[in-house]
Amino acid sequence: MSASSDKVDELLADGRRQVEICNACRYCEGFCSVFPAITRKRQFADGDLTQLANLCHNCRACYYACQYTEPHEFALNLPRVLAELRVQSWERFAWPGPLARLFQRNGSALGIAMALGFALILFALQALRPESGEGFYAHLSHGVMVAIFLPAFLLPLVAIGIGLRRNWREVGGQAVTWSHLAHAAANAGRLQELSGGQGQGCNFEKEDRFSNARRHAHQATLWGFLLCFAATSSGTVLHYAGWPAPYGLFSLPKLLGVPGGLLLVIGAVGLLVLKTKADRNLGAPSVWSGEMGFVLLLALTGASGLALYAATGTSLVPALLAVHLGAVLAFFLTTPYSKMAHGFYRFAALVREAQIKAASRG
Amino acid sequence: MTDLSEIAGKTWDVIVVGGGNAALCAAIEAAEAGTSVLLLESAPKPYRGGNSRHTRNFRCMHEGPLSVLTGSYGEDEYFDDLIKVTGGETDETLARMTIRESERCLPWMEAHGVRFQPSLSGTLSLGRTNAFFLGGGKALVNAYYNTAEDLGVTVAYEAEVTHISITDDHFESADVRSGNEQVNARGRTLVMASGGFQADLDWLAEAWGPAARNFLIRGTPYNRGVVLKDMLGQGAVSVGDPTQCHAVAIDGRGPRYDGGIVTRLDCVPFSIVVNRNGERFYDEGEDVWPKRYAIWGRLVAAEPDQVAYSIIDAKSIDAFMPSVYPPEQADTIEGLAQRLGLPGAKVKETVETFNAACRPGDFAPTELDGLATEGITPAKTNWARPITEPPFYGYPLRPGVTFTYLGLKVDERARVSGGYGPFQNIWAAGEVMAGSILGKGYLAGFGMTIGTVFGRLAGREAAAHVR
């Protein structure tokens, strides 16, 4: 047995020990979905622990309410052990695996990925400068952008698909219905798992005091990201409908993209600040730098996109275009291996939870 | 650790001894009345809150639906429940006052940061009478410390009060020890909310006998009764049986202190319970929770080495709440006995005798099903199913002490009684005076009710005295 699988076994054993103590206590049932999910079981297989780990959103309410945290001999720290199981599961599911190890744990690796993206775009700007074109297309043609970004979008999707399939097999997932998806989407869209059960929020940046700051910052980031994604998609559709960029402020790409970019930047900066205030030992300390790097990358993607729009018509466009597209490229390519993977696996866990709940209702 | 010079630097309006629910309620009320409050908690910060950190609910009277509570739970029904468990060992005036006041406490608790939730899984029987704390007692304790801090209460951790200085019937100051340092804290009033003495094993052994040294203490190791003893030595009037403690049968593998809720075992009614010699000694099917819960600690305490073993078979393993440690397990009774360190042949004989005495009938785990043995002593009068289906499981049981009954006598204004009437400026709240109301037995969530009602009362009275 290799050293790393020993470590995985050790982590699973500790996770099981902690969850069994929780199952004998049950005081935390009202905080989130994890504890009711625990009470439905008496024995916990590895896949059950993976499911619980991805269901946990690290709100930390259970840690501060726990009678059995250190220095108590039970030494419970459920948010941490579930965070570590989660990270470990994403590394195990990722394809190819070693990339996840690199980008999850190492913020500077994400920085290097961005620099490489930046360099590639710069090279494209230099070597493949179009004869003509409007707006940023004057610097990089639509064809070259598609040639770079289509594979950069599709390859990670394939990789994520493989990871999700591995996860789904491990947690015993079944055929997904619209109702499961609707439940999961409603939960994720409101970040219910960060509500503390009664809307008081998490115990994140203020220790045992509750606060909604993290929930709000994450909402801004999530919805900002989705708006930006929608803006890009709408631009693509418009392009093929015969209406290429540049777009004015009152076009769909800008109406979605500008507020989206603002939300993304505000949310990501908020998350960065909150993360520096929170206790690192209640998450997975090994991935702290990778998580910080990822949120920084998100913030930079949003900010450079806004700057690019603001700089329309100026000589700054080529440089900002390189920064923005470089960030976007790095973001997409590392998606299956960075903290970004959490969105997919958590959503899968919420879908699985909806399935289990539906089944237990009969 | 706290800066002791701050403690000694002034005369406090109100000094609260203790750091659990009752102490916090008193501190909050006194601070809201505008007084300067010093709260002295003997435990370090991670263990603050005394036994309150292990609690989970609040028994509350209510005339109609209130917060998470359904239906109604009137004063008389509540009082009847108290009479049932105490056998009348209560002060009716104080008890009825506590019960009536509980209804006004719940909204106050919510306004001071406590969150409630509907009753937990496995506790549906308490859904009408008891409001559960979201996250349990430690979450309540955290909320109150935050509220107290916001109100300007000075909290000192690892600050153990060793002696109360009283002149005639008037409190003057408290000696406080923190680590190797000792200071004197002067105050205009004193609220005693320092809990019972169950963590002092020497004292327990003195009261109960040497068997007490084999007991596990379910709550905080910091309830050593130091101030209680000091006050009793200075003429405070006691209530409650000094030799008695409330003990339940818990998982014998649990920690010596602070095992809290998780070490409880609900397997007894589905099992046979044998002692170290492999013999049964009491009717395991006598009654349902909470009566069963209340007597088995005492029963196990009376057996050799204060230990017993609950044995079930595969039919019953899923019939009760999961245990914190997995059970011992084997495919034969002798094998199980060996794992538990019991005489195999004797246990086998006990099981076979029991099995032969079981009769056909319908098993109903949630009610007294009358499925009883015939022709053995002791009988098992309910849920008696033969233990035949491997694998067989066993859990060691030991007495787990929850609280002691000995305490300070108080009047209706929570003032502590001295030999010739109440002390002028000393009040008491919580476990340290609960023996006045709960003289015997146990009623789920009632300790928190006594602590909240008397904590608030003591805080208000002390503040009014200063003003």
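Author: Helices and strands are DSSP runs, numbered from the N terminus; a helix (H or I) needs at least four residues and a strand (E) at least two. The model is predicted: local features need pLDDT of at least 70, side-chain atom pairs count only at pLDDT 80 or more, and totals for chains, interfaces and linings use all residues. Residues are numbered from 1 along each chain as its sequence is written, while chains are lettered from A and ligands numbered from 1 in the order in which they are written.

Reader: Where is Pro378(B) placed?

Author: Pro378(B) sits in the loop between helix H10 (344-357) and strand E16 (392-404) of chain B. The peptide bond from Thr377(B) to Pro378(B) is cis, with omega near -10°. That loop also holds Pro391(B). Another cis bond joins Pro390(B) and Pro391(B), with omega about 0°.

Reader: What is the phi of Asp168(B), and why is the residue called exposed?

Author: Phi is near 55° at Asp168(B), a positive value in a residue other than glycine. Its place is the loop between strand E7 (160-167) and strand E8 (170-178) of chain B. For burial, count the other C-beta atoms, placed from the backbone, within 10 Å of the residue's own: 20 or more means buried, 12 or fewer exposed, and anything in between partly exposed. Asp168(B) has 9, so it is exposed.

Reader: What makes H3(B) oblique to H4(B)?

Author: Helix H3 (residues 75-86) and helix H4 (residues 92-111) of chain B pack at about 130°, with their axes 10 Å apart. Axes are lines fitted to C-alpha atoms, for helices over the stretch in contact, and angles run from 0 to 180 degrees between N-to-C directions. Under 35 degrees is roughly parallel, over 145 roughly antiparallel, 65 to 115 roughly perpendicular, and the rest oblique. H3(B) is therefore oblique to H4(B). Their crossing is right-handed; that word applies if the near helix is turned clockwise from the far one by less than a right angle, and left-handed applies if anticlockwise.

Reader: Which residues make the contact of H3(B) and H4(B)?

Author: H3(B) gives Glu75(B), Tyr78(B), Phe79(B) and Leu82(B), and H4(B) gives Ala95(B), Arg96(B), Ile99(B) and Arg100(B). Residues are in contact if their C-beta atoms, placed from the backbone, lie within 7 Å. By class there are 5 nonpolar, no polar and 3 charged residues in the contact of H3(B) with H4(B). Ala, Val, Leu, Ile, Met, Phe, Trp, Tyr, Cys and Pro count as nonpolar, Asp, Glu, Lys and Arg as charged, and the others, Gly among them, as polar.

Reader: How are H2(B) and H5(B) set to each other, and why?

Author: Helix H2 (residues 21-32) of chain B packs on H5(B) at an angle of about 25°, with the axes 10 Å apart. The two are therefore roughly parallel. This crossing is left-handed. Asn21(B), Leu24(B), Ala27(B), Ile28(B) and Ala31(B) of H2(B) meet Leu140(B), Tyr144(B), Tyr145(B), Thr147(B) and Ala148(B) of H5(B). The contact has 8 nonpolar, 2 polar and no charged residues.

Reader: How many residues does each chain bring to the contact of chain B with chain A?

Author: Chain B brings 26 residues and chain A brings 26 residues. Helix H5 (residues 137-150) of chain B gives the most to the chain B side, with 4 residues. That side has 10 nonpolar, 10 polar and 6 charged residues.

Reader: How does the radius of gyration of chain A agree with that of a compact globule?

Author: The radius is taken over C-alpha atoms, and the globule rule is 2.2 Å times the number of residues to the power 0.38. For 362 residues a compact globule would be near 21 Å; chain A has 22 Å, so the two agree. Chain A has 14 helices and 0 strands. Of its 362 residues, 48% count as buried.

Reader: Which residues of helix H6 of chain A are buried?

Author: In helix H6 (residues 97-105) of chain A they are Ala100(A), Arg101(A), Phe103(A) and Gln104(A). They pack against helix H5 (78-93), helix H7 (107-127), helix H12 (288-310) and helix H13 (317-334) of chain A.

Notes: Contact = placed C-beta atoms within 7 Å.
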